[in-house]
Amino acid sequence: MAYGDNGSAAHAGDFKAQARAGLQAVKAQVEAGGGKMANIVKVNTYLTDIRHSAPLYAAIREEFFGKKMPASTWSPSRH
């Protein structure tokens with residue numbers, strides 16, 4: 001989940017924008033440490049709405065990782 005400057009959820013109701021913002025935050029942290037997205041070997045993803053799983057999220061992940069994606073685990077979040 002991406003958060004705005006005021007601490008509230010950013011892009012409320014827009015799954016694609018939330019996913020991109022979340023992965024952009026991961027990318028920024030990895031690169032700040034001198035790494036690359038290609039250095040990531042595994043990603044755990046927790047979805048609050050299972051309708052947003054593959055292929056919707058897979059296409060967004062490909063934007064950040066390319067065709068050679070890291071191993072992944074998908075799980076619905078239980079609140």
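These legends describe close-up views of a predicted model.

The model is predicted: local features need pLDDT of at least 70, side-chain atom pairs count only at pLDDT 80 or more, and totals for chains, interfaces and linings use all residues. Residues are numbered from 1 along each chain as its sequence is written, and side-chain values use heavy atoms, with hydrogens and water left out.

**Figure 1. The chain has two helices and two strands.**
Along the sequence they follow the pattern α-β-α-β. Helices (H or I, at least four residues) and strands (E, at least two) are DSSP runs, numbered from the N terminus. Of the 79 residues in the chain, 28% are buried. Buried means under 20% relative accessible area, exposed over 50%, and partly exposed in between (1.4 Å probe, protein chains only). Take the contacts between residues at least 6 apart in sequence: 54% of them join residues at least 24 apart. A contact means heavy atoms within 4.5 Å.

**Figure 2. Helices α1 and α2 pack at an angle of about 30°.**
Two packed helices are described by the angle between their axes and the distance between the axes. Here the axes lie 10 Å apart. Axes are lines fitted to C-alpha atoms, for helices over the stretch in contact, and angles run from 0 to 180 degrees between N-to-C directions. α1 and α2 are therefore roughly parallel to each other. Angles under 35 degrees count as roughly parallel, over 145 as roughly antiparallel, 65 to 115 as roughly perpendicular and the rest as oblique. α1 passes α2 in a right-handed crossing. A crossing is right-handed if the near helix is turned clockwise from the far one by less than a right angle, and left-handed if anticlockwise.

**Figure 3. Residues of α1 meet residues of α2.**
From α1 come Phe15, Lys16, Ala19, Arg20, Leu23, Gln24 and Lys27. From α2 come Leu56, Tyr57, Ile60, Arg61, Glu63, Phe64 and Phe65. By class, this contact has eight nonpolar, one polar and five charged residues. Ala, Val, Leu, Ile, Met, Phe, Trp, Tyr, Cys and Pro count as nonpolar, Asp, Glu, Lys and Arg as charged, and the others, Gly among them, as polar.

**Figure 4. Lysine 16 touches Leu56 and Ile60.**
That list leaves out residues up to four places away in sequence. Lysine 16 sits in helix α1. Its relative accessible area is 40%, so it is partly exposed. Lysine 16 and isoleucine 60 are 44 residues apart along the chain, with C-alpha atoms separated by 7.4 Å.

**Figure 5. Glutamate 63 forms a salt bridge with arginine 20.**
The closest N and O atoms are 2.8 Å apart. A salt bridge is a side-chain nitrogen of Lys or Arg within 4 Å of a carboxyl oxygen of Asp or Glu. Glutamate 63 lies in α2 (residues 56–65) and arginine 20 in α1 (residues 15–32), so the pair ties together parts that are 43 residues apart in sequence. Glutamate 63 is partly exposed at 47% relative accessibility. Arginine 20 is partly exposed too, at 34%.

**Figure 6. Glutamate 31 forms a salt bridge with lysine 27, and lysine 67 forms one with glutamate 62.**
A search of the whole structure finds three salt bridges. For glutamate 31 and lysine 27, the closest N and O atoms are 3.9 Å apart. Both residues lie in α1, four residues apart, about one turn of the helix. Glutamate 31 is partly exposed at 42%, and lysine 27 is partly exposed at 26%. For lysine 67 and glutamate 62, the closest N and O atoms are 3.0 Å apart. Lysine 67 is exposed at 73%, whereas glutamate 62 is partly exposed at 31%.
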